[in-house]
Amino acid sequence: RVFYYNKRISVEMFHALTDGAGVSWFMETLVYHSIRLRYEDVFLDDVPDINYRASISQKMSDSFEKNYRRKNL
């Protein structure tokens, strides 16, 4: 869930969805788009790109598949 009040944005996320880095990237994207919407008259057509710090392979990796070990029950 995403909450906002005045100048504060809060996010609640189930821990199985992502790790801390994923939440950070999500928050960066969320703040980026909220600023674009709030100040669209300032940006007009000159909107800066988001510079993600992850490589394509990092974005595409599935750490669940990599780290999950099924236990025999």
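A search of the whole structure, which is a predicted model, identified 1 salt bridge. This salt bridge is formed between Glu12 and Arg1, whose closest N and O atoms lie 3.1 Å apart. The pair connects distant parts of the chain, its two members being 11 residues apart. Glu12 is located in the loop between β2 (8-11) and α1 (20-38), whereas Arg1 belongs to the segment before β1 (2-5).

With regard to secondary structure, the protein contains 2 strands and 4 helices. Read from the N terminus, these elements follow the order β-β-α-α-α-α. The loop that holds Glu12 accordingly lies between a strand, β2, and a helix, α1.

Several totals describe the protein as a whole. The chain comprises 73 residues, of which 5% count as buried. The accessible surface amounts to about 7400 Å², and carbon and sulfur atoms contribute 54% of this area. Among the contacts with a separation of 6 or more, 15% are made by residues 24 or more positions apart.

Technical notes
Residues are numbered from 1 along each chain as its sequence is written. This is a predicted model: local features need pLDDT of at least 70, side-chain atom pairs count only at pLDDT 80 or more; totals for chains, interfaces and linings use all residues. Side-chain values use heavy atoms; hydrogens and water are left out. Buried means under 20% relative accessible area, exposed over 50%, partly exposed in between (1.4 Å probe, protein chains only). Contact means heavy atoms within 4.5 Å. Accessible areas come from the Shrake-Rupley method with a 1.4 Å probe; for residues, only the protein chains shown count as cover. A salt bridge is a side-chain nitrogen of Lys or Arg within 4 Å of a carboxyl oxygen of Asp or Glu.
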